[in-house]
Amino acid sequence: MSAPVIIFTDGACKGNPGPGGWGALLQYNGKTRELFGGEAHSTNNRMELTAVIRALESLKRRCPVKIYTDSQYVKQGIEEWIHTWKSNGWKTSNRKAVKNADLWQALDHAAAQHDIAWHWVKGHADTPGNHRADELANMGVDAVR
């Protein structure tokens with residue numbers, strides 16, 4: 001099996017909702033790729049999800065991936081909650097519509113294309129990849145303000 005692609009992702013919002021940005025740092029075989037973007041009106045959770053989706057969509061073929069996110073929402077959602085949401089027709093356990101269902105469905109599809117290990121890292125700590133993803137997310141915010 002080939003070496004995994006390492007991906008650090010982050011989302012940012014100035015106001016929640018407000019102008020939002022997302023960033024992703026991809027590392028493979030000594031090479032680095034940076035992605036970022038933004039939306040004029042979004043939420044932090046939407047930007048966290050978008051960062052992972054855009055990073056996965058940028059990969060050209062199926063491969064092992066290690067994703068590092070500082071969002072418990074993303075990690076728990078994709079590893080735990082999504083299975084119940086799908087079996088409930090994208091409703092929560094108390095029969096309410098899943099928030100950000102459009103992005104969860106896009107993430108579910110993108111994640112199915114790869115062999116992913118999900119990792120949570122503490123935000124704004126000393127993880128260089130997470131720090132850079134945060135900078136990229138803020139560049140995304142600045143691009144839409």
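A residue counts as exposed when its relative accessible area is over 50%, and as buried when that area is under 20%. This rule runs through the report below. The model is predicted.

**Loop residues**

Start with His124. His124 has a relative accessibility of 67%, so it counts as exposed. It sits in the loop between strand 5 and helix 4 (128-144). Phi of His124 is near 55°, a positive value in a residue that is not glycine.

Asn29 also has a positive phi, of about 50°, and is not a glycine. Asn29 belongs to the loop between strand 2 and strand 3 (31-42). Its relative accessibility is 62%, and therefore Asn29 counts as exposed.

Now look at the loop between strand 1 (5-13) and strand 2 (18-28), where Pro17 lies. Here the peptide bond is the feature to find. Asn16 and Pro17 are joined by a cis peptide bond, with omega about 15°.

Is His114 buried or exposed? With a relative accessibility of 7%, His114 counts as buried, because the cut-off for that word is under 20%. Yet His114 is a loop residue, placed between helix 3 (101-111) and strand 5 (115-120). What does His114 touch, apart from its neighbours within four places in sequence? Its contacts are Leu56, Leu59, Arg61, Arg62, Cys63 and Val65.

**Aromatic pairs**

Two numbers describe a pair of aromatic rings: the distance of the centres and the angle of the planes. How many aromatic pairs does a search of the whole structure find? It finds five.

One of them is formed by Phe8 and Tyr68. Their ring centres are 4.9 Å apart and their planes are at 20°, so this pair is stacked. Phe8 lies in strand 1 and Tyr68 in strand 4 (residues 64-69), so the pair ties together parts that are 60 residues apart in sequence. Phe8 is buried, at 9% relative accessibility. Tyr68 is buried as well, with a relative accessible area of 19%.

Trp85 and Trp104 form an edge-to-face pair, 5.2 Å centre to centre with 65° between the planes. Trp85 is in helix 2 (residues 72-87) and Trp104 is in helix 3, so this pair ties together parts that are 19 residues apart in sequence. Trp85 is buried, with a relative accessible area of 9%. Trp104 is buried too, and its relative accessible area is 0%.

Here are the two pairs side by side.

| Pair | Centre distance | Plane angle | Type |
|---|---|---|---|
| Phe8 and Tyr68 | 4.9 Å | 20° | stacked |
| Trp85 and Trp104 | 5.2 Å | 65° | edge-to-face |

Trp85 and Trp104 also belong to a cluster. Together with Tyr73 and Trp81, they form one aromatic cluster.

**The largest pocket**

The largest pocket has a volume of about 450 Å³. It is lined by 16 residues, and those closest to its centre are Val5, Tyr28, Leu59, Lys60 and Arg61.

Terms used:
Residues are numbered from 1 along each chain as its sequence is written. This is a predicted model: local features need pLDDT of at least 70, side-chain atom pairs count only at pLDDT 80 or more; totals for chains, interfaces and linings use all residues. Side-chain values use heavy atoms; hydrogens and water are left out. Helices (H or I, at least four residues) and strands (E, at least two) are DSSP runs, numbered from the N terminus. Buried means under 20% relative accessible area, exposed over 50%, partly exposed in between (1.4 Å probe, protein chains only). Contact means heavy atoms within 4.5 Å. Rings of Phe, Tyr and Trp (its six-membered ring) pair if their centres lie within 6.5 Å; planes under 30 degrees apart count as stacked, over 60 as edge-to-face and the rest as tilted. On a 1 Å grid over the protein atoms alone, a cavity is a set of points where a 1.4 Å probe fits but cannot get out, and a pocket is an open set with protein on both sides within 12 Å along at least five of seven lines; lining residues have an atom within 4 Å of a point. Grid points are joined across faces, edges and corners, and a volume is the space filled by probe spheres set on the points.
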